[in-house]
Structures are given as structure tokens and as C-alpha cells.
Amino acid sequence: MTEITEGRCRIPSGCAISGIFSRSGKRFSGEAVTDSISVMHERSNGLGGGFAAYGIYPEHKDRYALHLFHNDQDARQRCEAFIEDNFEVVAASTIPTSRVPAITGEPLIWRYFAVPRKDKIAAMHVDEREFVAQCTFDINKNFEGSFVFSSGKNMGVFKAVGYPEDVAAFYRLSDYEGYCFTAHGRYPTNTPGWWGGAHPFSLLDTTVVHNGEISSYDANRRSIEMYGYQCTLQTDTEVITYITDYLTRKKGLTYEEVCDVVAAPFWSEIKKMPEEQAELFKYYRTVFAPYLITGPFSVLVGFEGGMMALNDRLKLRSMVAATKDDMVYAASEEAAIRVIQPELDRIWAPSGGECVIARLYPDAMARLKEGKL
Amino acid sequence: MAVNYIYPEQEIVRNYDRCIACRACERQCANEAHEYLPEQKKMTSDDAKCVSCHRCVSICPTRALKIVRTDHDFRKNGSWDKKNIYEVYKQAETGGVLLSSMGNPLDFPIYWDKILLNASQVTNPSIDPLREPMETRVFLGAKSQDVTRGADGKIIPKTTPQLELSLPVMFSAMSYGSISYNAHESLARAATELGIYYNTGEGGLHEDFYVYGANTIVQVASGRFGVHREYLDAAAGVEIKMGQGAKPGIGGHLPGKKVGADVSRTRMIPMGTDAISPAPHHDIYSIEDLRQLVFSLKEATAYKKPVIVKIAAVHNVAAIASGIARSGADIVSIDGFRGGTGAAPTRIRDNVGIPVEMALAAVDKRLRDEGIRDRVSVVAAGSIRNAADVVKAVALGADAVYIGTAALLALGCHLCRTCNVGKCNWGIATQQPDLVKRLNPDVGYRRLVNLMTAWKHEIEEMMGGMGINSIESLKGNRLMLRGVGLNEKELSILGIGHAGE
Ligand code: SF4
Ligand code: SF4
């Protein structure tokens, strides 16, 4: 029997998401985000949970932290030969895990801190980040049994098939400290049974957790695939990740501009804008039309030094944002924020298409770059 | 009298209980099929003259008339059907090439009818177009995604020239000459009111219609009829016609009898002369020549107007479209083998070209595989019959579609397929003043606006059902399509799954 796994078919899912961000760059453990996401247990069905954590590897800040699933030792060896060939691997080990009864069928889970080989980059005529992205695609597409699920610097994705709180316990998320965590609990309508299919989905330091089912999927996918991306999983999250990466890294758009592209205002609203602004939106909707995302979604996008929360333009999925001092929160439900921070300075439901972006304060950003956060 | 081998295809059936012998049919039939018999005080008719245009049927005050397909037939023969036999008779008699009008009428598969659309259930809400915004606006033209910023870091929102359409439908090329002044006026006014475009075809632009220039695409075809500076200046976009779906590889021929004073002035040819468009453009024998014409036209219009290149859907259409995309054209228009025409050799019309569904799917895929899909917009044409065809075309990858036959139907055309004769009883494909005036542009344009308004609502309904509220999210969204009764190869070319997959 052919297994129905991610990438062979499209699996719609409903979900819960949560994110916590410290703008002053305070590092905190993964416990808070675990508490937050587990409040929304009902929104998951145990078929996928995961986390993205930023600022967790300061000692390796200049190395790519590659997190991989390998199905077996053979796959691992084949894949590692490829990695060694393209990267100088400074440290390689399994990612520490704890036995959790609810989490079963785990693959081999490895982490490599690696620096791309200069000659290989030069031979490909691309910049370093593009090189790493291409290596990731290469492994995910061509190395049967191996899958890169995290490939950024000083950040990492941790995900599995299970409820988010079990996934957190499994990966010992409370042992990690970072300035930003995002979390995801999944409610797929189908049985994926594959760890790679859980969220967050990531490329380099961009991670996406997402709740919704976008109706523009294939339009988005077929457009982004023109520019060197390969959507192997057929998930919304994957295509949103690539769109974000393409627009920011390759086209130089800011995250605010990305929001304006993917959740562009309706023409009826554009018509009411001052001329200069209207011209700009018309430009987005002409040139970047293939990246408009329709259908219900709420997403949290993590990136180096920042986190972005965004709803579809009709706000067909719930999402609440809040702040307390330097902390920024965003989650599918208010309860998921209150449980970790009952006292809030401000709490609001961002309207459809309104993006909420949290960034490190400039001094914190500088410290992050120096590895002194 | 010589033996007549041909029995008329249709019979005029008159109900004498109802006929009041008012002679309206007689006056209305330009083919003179009806006749009044004074002695007997009754009407009679000659089936052989009837082309089945239903004009008399539509105007008969007592509904006494109908036109039926004759049941007169040959002995059943799987190989030699009536059509083939009669064509032999005709050619044996005349020694000529057979001519026909409108698109290929033969029984080839219509893929639109074998494709079904998706709708949202449970996991994703459908959207009610009556309550939520539903957007059908599209822009045609090259989309460069190279972002430029000013010194202040702000994006400079500059694009190459675009055609802005309120819905992804345009009226396709039909020349003044092949169709009437009133038909052109109806199309031009409707396009203007709708915020879309109509296309002059290769017959030039009548000076009265320059006022509709902002919604006009002017055509430059191999005959170069009516092409001059003001013509190009008047238009919103310029279309180079390389080919036509109804007659790929064949030029055009407007008989001299259709070239009256007005047509002659507009086409810039002497009155009464045949207007012959050569099969190829004699300055385009290869793709680099096309590039030169594209850029000549861009130069001539100061790079302010998008250039469309229209080709017939032929076997190698994907590679040709890719070449066109690289030649600097902003839009490529693909005309399928069902596309209509004023006149074409029957053999060509019925045997050359490929279905637009296949051509469109192949072109869209090829342009994407080569990473140049954003460099051109793709327009599909050739028998787009209704709003569902539009939605399916967009989901296959079209930016917009051209409609020709559907627009003529809205104006009253009854698909009698004798446009080439020039005696269109509906005032469309004719230059005879008495016939032309039967088409009232005030009515004609309204009917076109109605048709497009209806389609727009239907497009919105279908999009809403899919949970899509902007047409750009439908473009190329083939996951929204499923085939029924198609084989693996057909599905793979269309790039869609089978129903149930
Ligand atoms: S050609 Fe048209 S108008 Fe004349 S008889 Fe036939 S259907 Fe009637
Ligand atoms: S345009 Fe006139 S002549 Fe041509 S098919 Fe229609 S009704 Fe017949």
C-alpha cells in the first residue's frame, strides 16, 4: 500500500499557533510557549506539533544549524557525505530528546553546525545563503530518507508527530533559551504520519507556523517554483515560507512590504487611498500578483531579529496579539496569551491583512550579531 | 436544367394555419428564400437559398416558421457521410477550394466540458460574492519583479505598460470589413463601458471610433491594412497577428464587394478591390524578425503600449510562445482551432491546429519551466463559450481570454456560418447598408454589456465557491481543476488530476 504522506497529496488542516518575542533580547526558555500552545489542546489532534526558537545557539552564531531527520543509518551516511562535501561540519550530533510515551516512531534526529565551503559556493555562482538553500532543496528532493527541517543560523526548528506539549517534552524545549519562540499544534484532516510534515516549516532563518487552508495554493506554488523553489510537501506553510524568503531575501522587500503583497488590500480600499499609496498598492497587485494569498490563514513568521503575525484579508482565522513591556505575543486565542502573562499592556485582534511585526530593539540586534545576547 | 446533386441542408417549415402572408420574411431574408405567390395569396420558400440564420423565424409575428435540419439522407455509410459526399459534389462542380465561416464545427473533444471545478467544504470557507468583495480585475503585460527604490528607500512603483481589465475577458479581433460598422460600434462602446478592450482586427480603425481608443487594441497583420501613426497612437495596445486559430498558416481575403467607400478609406485600399492578407508577414520569416517588428512598434508608440503577439494554436505552440516571450512581446495570445473567422478554407478550418485548452496548458507550463512566465501575459482564445470556460482557462494559466463568437451571438448572430457571403441578415457580417442598419448599436452594445455583466457574476460565484476572492489567486491554480473521462496523457498535458484524485 502506498503510504499517504505529505508531498504525495494535499492535506488540509486546522491548527493552533502561538508566538512570544522579547524585543529587548531577553532570553527565556521554551517553557512559556509550551504552556501557551497547550492551552489550545483542542485545536490540535496529535498529528503534528512543533516549535521554532531564535537565539538558542549563540556559541555557533556564524554557523548554519542544520536539523535533519534520517530514516535510517544508511540514509544518514549518504546524506552526511553530501553535507561534508559542501560544508565544513564543525559539530555533528543527535539532537537531545527524552522518551515520551506519546511520541513514537521517531526517525534519527541529527544536528550539524556547519559552514559552507567557499569553493563550492564560488562554483555555484550564488551567495552563501542561496547556496545553503539550494543544498537544502537538494537533500529534501534527492536524498531519499533524509529531510532538512531547519537550516538557519542561531535558531532551530523542533517538530514531531504528536501534541505540541509532548513534542516540547520530547525535545526538552525547556533546556533552550532564546529571544523568540513560535509554536504550532496541528489538526490535519488526514493521517500524515510523517515528521517532516509538522510545522514550523523553514528555510534558512525564516520559519512559518500557519493556521488555515489557503485557496491560492497552486497559483502561489506554480509561481514560486519558477524561482528555484521546490514545493515537495504540498503544504500551505511550505509555500508561504518560500514566498516570504523570495520576497525578502531575493527581492529585498521589508516584512511590512511582504504583508502588503500577500494580504493586499481590496481594490475598493485602494481606491480610497491617497494617490501615492494607491500607486504603490497597484504596483504590488500588478507585479507581485502571484503571491497574493487568499483563503483563511493566520501565520507567524519568525526571522532573524523579528517575528511577524498576519491574518488573511477577510480575517477568516482567529488571531490575537498583545504586548507587555518589551514582550510581544500573538496566538490563535487570547487564553493562550493570558495563561503565560495575565497582565497585559495592550491586547487586540489585528484586523484582516494588518501585520504585526516585532523586532529586536537596535541595541539588542547589535548584541545578537555579536553573539552577546 | 442540370441535375442538382445537392439537397439543401435545412428545410423551411411553414405552418400555413398560422401564416398570414404578411411578407415580412420575404423582406427580411437577404438570401431571398421566401417568395409571395400573388395568385394563390400565399407564401412559399426555397430551402436551397436558406442558410439557417433564423432571421425570419425570429421576426415572424405569428410564429409560423421554423427551420429544421433535413432528414433527407444517404444510405448509412461509416466512411462516407453526407458532409464528405456533398463536398465532393461541390468541388466536382466548381473546381474550387471550399470556403467556410466561423470555427471548426466538427466533433472534436471539447476539453472545457471534461474539466470540473472545485469548491470549499468544511476546512476552508466559501465566500459569498454578494457580501464580500470579489475581485476580477487583471493587468496584462510584462511583470518585472526587479524592485527599484528611490534615494529615500521607497519603492518606485513603475511597471512596463499594462492593459487593465475589469474582468479577464476581451472582445477578439474582428475587422471592420468582415463585420459591420454597427457591430464595431457596439463592441467599442461595450468595451468602454465595461472597462475591457475590443480588437480592431486587421481592417484598420474607422475614424469615428478613435474616441474609444483607450479601450481599443489595434491589430497589425500581414496586409498592414489601415496601419499608420494615428492608428497606433489611438490605441491602448497593439496586436501583431501572426496567425489565427481558424486558419493557421493561411492569410485573409476580404472580397472586393465588401470594400465600399468607408472600408476602403479605413483599410487604405481602393474601393472594390480584394483585400488580401498574405499568409506570412513578408518581413517576418523567423523569430528575430518578429523581435524587430515588436520593437519597431514599441518605438513607434514610445514604449507606452503593450505589444501583443497573436498566434494560432499549432503543434509546437509552447516553443513558439516561449520564443515570443523572449522577443520582447508583452502579451501572447493563443487562438485555438475552434476560433471563429469570417472566411476560411474549409479543409484548413477543419483539420489544422489544436484545441486551445491543450495549447494553453502547454504554453503556461513551458513558460514556467523556463522561468519566464512573468515576462508575458497569456491570453487564450478560440471558443470560450461561457463564464465556466473563462474560469477554467484562468485556472489552467490564462491571464485573460478573448471572445469572438460569444460576442457576435450576443449581437444576434445565429451561427449560420455564411459570413463569407456578406449577406448577414443580422447586420453583423455584412456591409450592405440595409442589412447593417438592422443592428442597432444602442441595443447591441447593451446586450454585450449584459452578457459580460452576467459572466462576471458567474465568475464571482465560482471563485467564491472555491474560497478565492481575487482572480490572481485563481490564475494557474490547477489544483482547482479535475478532469473527467480523460486519459493519462490528456491529464498530464492539462496538468490536472482526475476527479477523485
Ligand atoms: S436564410 Fe434566414 S431569413 Fe432566410 S429563410 Fe433562411 S432562416 Fe429565414
Ligand atoms: S455573423 Fe451573420 S452571417 Fe455570420 S454566422 Fe452570424 S448570423 Fe451568420
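Predicted model: local features only at pLDDT ≥ 70, side-chain atom pairs only at ≥ 80, totals over all residues.

Which elements of chain B each supply at least two residues of the lining of the largest pocket? They are strand 4, residues 65–69, helix 3, strand 5, residues 99–100, and helix 9.

The largest pocket has a volume of about 1800 Å³. Its lining comprises 48 residues, and those closest to the centre of the pocket are B:Glu9, B:Gln10, B:Lys90, B:Cys416 and B:Arg417. Sorted by class, the lining of the largest pocket holds 18 nonpolar, 14 polar and 16 charged residues. Helix 3 of chain B provides the largest share of this lining, namely eight residues.

That brings me to helix 3 of chain B itself. This helix runs over residues 82–94 and contains 13 residues. Within helix 3 of chain B, the residues B:Lys82, B:Ile85, B:Tyr86 and B:Glu87 are buried. Part of the cover over the buried residues of this helix comes from helix 9 of chain B, residues 346–351. After helix 3 of chain B comes B:Gly95, which has a positive phi, near 70°.

I turn now from the open pocket to the cavities. How many cavities of 30 Å³ or more does a search of the whole structure find? The search finds 12. The largest cavity contains about 280 Å³ of space. Its lining consists of 24 residues, with A:Ala289, B:Lys143, B:Asp399, B:Glu472 and B:Lys475 nearest the centre of the cavity. Two or more lining residues come from each of helix 6 (217–224) and helix 10 (275–287) of chain A, and from strand 7 (138–140) of chain B. Among the contributors to this lining, helix 10 of chain A gives the most, with three residues. By class, the lining of the largest cavity divides into 12 nonpolar, three polar and nine charged residues.

My last topic is ligand 1. Which residues lie closest to ligand 1? The closest are B:Cys29, B:His34, B:Cys50, B:Cys53 and B:Cys56, out of 14 residues that surround the ligand. The shell around ligand 1 is made up of eight nonpolar residues, five polar residues and one charged residue.

Thank you for your attention.

Technical notes. Residues numbered from 1 in each chain as written. Chains lettered and ligands numbered in written order. Heavy atoms only, no water. Near = heavy atom within 4 Å. Nonpolar A, V, L, I, M, F, W, Y, C, P; charged D, E, K, R; others polar. 1 Å grid on protein atoms, 1.4 Å probe; cavity = no way out; pocket = protein on both sides within 12 Å on 5 of 7 lines; lining within 4 Å. Points joined across faces, edges and corners; volume = space filled by probe spheres on them. Helix = DSSP H or I, 4+ residues; strand = E, 2+ residues; numbered from the N terminus. Expected span 1.5 Å × (residues − 1). Buried < 20%, exposed > 50% of the residue type's maximum accessible area, 1.4 Å probe, protein only. Contact = heavy atoms within 4.5 Å.
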